[in-house]
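I opened the model to go through its parts in order. These are my notes.

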Amino acid sequence: MGLGRFGRALALELVGEETEVLGIDERAEVVQELSGSLTHVVRADATKEEVLRQLAVHEFDRAVVAIGSDLEASILTASLLISFGIRDVWAKATSEAHGRILAQLGVHHVVHPEHDMGQRVAHLVRGRMLDYVEFEDDFALVKTSPPEGVVGLALGDSGVRTRHGVTVVAVKRPGEGFTYATADTVLEAGDTIIVAGGTRQAERFSELA
Ligand code: ADP
């Protein structure tokens, strides 16, 4: 429900293989643009119960409310989906208060894409990381280059874990894909690595690169 920038990217990523995606948006141009790319695209007002029932939305396993800027429409739509008993309802929130209301309605997964992406980019801007995913508040996976001190040594002998508090979990040689790192893996300059560890430690490690 809602095929703005977020909903559109989500729907296009979901469609394919064995996932059928019904996209709903009230704007004709959006519906026209996406027809042919999703399983079904319908121009409709997602806040209307009879409209959603006609589209058999209540029979879907999962639903995503990707309406952000129209708070009222987001809340009404989410509330209908919950009342249908859909077992997995996701919704995007544009503010903390919006997210709180969605959670109070019983939305199972509330996401804050702009807030979360802002935080993520802050870590990328600050450090020398190529990519970064944080789990909970204090554990992260970081894609970076190996610092000089660990190049040319087998990981088992490099003391990465004891000296830096991080574990190298995967390595990618130029032009190749990622493979698991083992104690015998010898890192080379030009490799890309993925390290796991406490957020601060992983960030500090990437700054040595
Ligand atoms: P984004 O930031 O991802 O672009 P927006 O909130 O700007 O998100 O876009 C939300 C989309 O949801 C728009 O395409 C808009 O037409 C659609 N939308 C808003 N209200 C309704 C509604 N009641 N029913 C269906 N679609 C809606």
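**Entry 1: ground rules.** I noted that residues are numbered from 1 along each chain as its sequence is written. The model is predicted, and local features need pLDDT of at least 70, side-chain atom pairs count only at pLDDT 80 or more, and totals for chains, interfaces and linings use all residues.

**Entry 2: domains.** I looked up how the protein is divided and found domain 1 (5-111) and domain 2 (116-207). These bounds come from an automatic or database domain assignment. The C-alpha centres of domain 1 and domain 2 are 37 Å apart.

I then checked the UniProt record, an unreviewed entry, which lists "domain: RCK N-terminal" for residues 1-111. The record also gives "domain: RCK C-terminal" for residues 127-209. UniProt positions are in the numbering used here, feature names are shortened, and annotations may be inferred rather than shown by experiment.

Residues 1-111 are 41% helix and 18% strand, and their end C-alpha atoms lie 15 Å apart. Residues 127-209 are 22% helix and 34% strand, with end C-alpha atoms 10 Å apart. Helices (H or I, at least four residues) and strands (E, at least two) are DSSP runs, numbered from the N terminus.

**Entry 3: the parallel sheet.** I traced an open sheet of 3 strands in the order E3-E4-E5, with parallel pairing. Strand E3 (62-65) and strand E5 (109-111) each have a single partner strand, so one side of each has no neighbour in the sheet. From one strand to the next the twist averages 15 degrees. Two strands pair if DSSP finds at least two bridges between them. Strand E4 (residues 88-92) and E5 are joined in the parallel sense by 3 bridges. In this pair I found Lys-92 opposite Val-111 in E5.

**Entry 4: the antiparallel sheet.** What is the order of the open sheet of 5 strands? I read it as E6-E7-E10-E8-E9, with antiparallel pairing. Strand E6 (131-135) and strand E9 (178-180) stand at the edges with a single partner strand each, so one side of each is left without a neighbour. The twist here averages 25 degrees from one strand to the next.

I followed E6 into E7: the two pair in the antiparallel sense over 5 bridges. Glu-134 is opposite Ala-140 in E7. The hairpin of E6 and E7 has 3 residues between the strands, and Glu-136 takes a positive phi near 55 degrees there.

Strand E7 (residues 139-144) also runs antiparallel to strand E10 (residues 192-198), with 6 bridges joining them. Phe-139 is opposite Gly-198 in E10.

I then looked at helix H9 (residues 199-207), which lies across E6, E7, strand E8 (166-172) and E10. H9 runs at about 150 degrees to E10. Axes are lines fitted to C-alpha atoms, for helices over the stretch in contact, and angles run from 0 to 180 degrees between N-to-C directions. Contact means C-beta atoms, placed from the backbone, within 7 Å.

**Entry 5: the ligand.** Which of the 20 residues around the ligand come nearest? I found Gly-2, Gly-4, Phe-6, Ala-46 and Gly-68. A residue is near a molecule if its C-beta atom, placed from the backbone, lies within 6 Å of it.

Helix H1 (5-14) and strand E1 (22-25) each supply at least two residues of this shell. H1 gives the most, with 3 residues. I sorted the shell into 8 nonpolar, 6 polar and 6 charged residues. Ala, Val, Leu, Ile, Met, Phe, Trp, Tyr, Cys and Pro count as nonpolar, Asp, Glu, Lys and Arg as charged, and the others, Gly among them, as polar.

Conventions:
Contact = placed C-beta atoms within 7 Å.
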